[in-house]
Amino acid sequence: MSFRETDEIRGVITAAERAMRERDAAGLIGRYSEDVVKFDLAPPLGRSGDDARDVGRQQAWFDTFEGPVDFEVTELSIHVHGEFGWAHSLNRMSASPKGAGFAFEMWFRATYGLRKVDGRWLIAHEHSSTPFYMDGSLRAATDLKP
């Protein structure tokens with residue numbers, strides 16, 4: 001694994017920080033391969049290909065917030081083997097839903113599978129998840145912080 005490859009992958013993943021703050025749907029989606037498989041926090045259980053790369057859907061989600069969507073990738077760990085890379089991180093997101101009168105903050109886990117396509121690293125698989133309390137309440141543990 002070379003430093004250059006690790007740095008390139010880090011750039012692909014952390015580009016989400018700027019894209020989220022600037023509400024740049026095309027910039028966020030442009031990091032994905034054409035055949036990406038995504039398991040997001042929002043329904044449905046999964047999306048792939050063009051469905052996962054829908055810039056209009058991403059922009060519509062951005063439009064549900066007032067102001068920027070603050071996003072931070074932390075504790076990013078990257079591994080590379082040839083034309084494939086995988087990574088995981090803890091991510092923080094905060095935003096103010098339109099008309100809600102409040103902002104929220106939440107941490108969640110993310111795992112990425114990357115592939116080099118025409119000399120460029122792209123995300124081919126992304127899985128985001130929040131833990132749940134195992135106390136019978138079925139509540140998502142969105143108040144956890146590292």
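How many aromatic pairs does the count come to? The count comes to four aromatic pairs, where rings of Phe, Tyr and Trp (its six-membered ring) pair if their centres lie within 6.5 Å; planes under 30 degrees apart count as stacked, over 60 as edge-to-face and the rest as tilted.

This is a predicted model, in which local features need pLDDT of at least 70 and side-chain atom pairs count only at pLDDT 80 or more, while totals for chains, interfaces and linings use all residues. Residues are numbered from 1 along each chain as its sequence is written, and side-chain values use heavy atoms, with hydrogens and water left out.

**View 1. The aromatic pair of Trp61 and Phe65.**
One of the pairs is formed by Trp61 and Phe65, edge-to-face, at 5.0 Å centre to centre with 80 degrees between the planes. Trp61 is partly exposed at a relative accessible area of 30%, whereas Phe65 is buried at 7% (buried means under 20% relative accessible area, exposed over 50%, partly exposed in between, with a 1.4 Å probe and protein chains only). Trp61 and Phe65 belong to one aromatic cluster with Phe62 and Phe104.

**View 2. The tilted pair of Phe71 and Phe108.**
The ring centres of Phe71 and Phe108 are 6.1 Å apart and the planes stand at 40 degrees, so the pair is tilted. This pair links distant parts of the chain, with Phe71 in strand β3 and Phe108 in strand β5 (residues 104–117), 37 residues apart. Strands are DSSP runs (E, at least two residues), numbered from the N terminus. Phe71 is buried, with a relative accessible area of 8%, and Phe108 is buried as well, with 6%.

**View 3. The hairpin of β3 and β4.**
Strand β3 pairs with strand β4 (residues 84–97) in the antiparallel sense over twelve bridges; two strands pair if DSSP finds at least two bridges between them. Asp70 stands opposite Ser94 in β4. Two residues lie between the strands of the hairpin, and Gly82 takes a positive phi near 65 degrees.

**View 4. Glu75 and its contacts.**
Glu75 lies in strand β3 (residues 65–81) and counts as exposed because its relative accessibility is 54%. Leaving aside neighbours within four places in sequence, Glu75 is in contact (heavy atoms within 4.5 Å) with His88, Ser89, Leu90 and Pro146. From C-alpha to C-alpha, Glu75 and Ser89 are 5.2 Å apart in space, and they are 14 residues apart in sequence.

Conventions
Helices (H or I, at least four residues) and strands (E, at least two) are DSSP runs, numbered from the N terminus.
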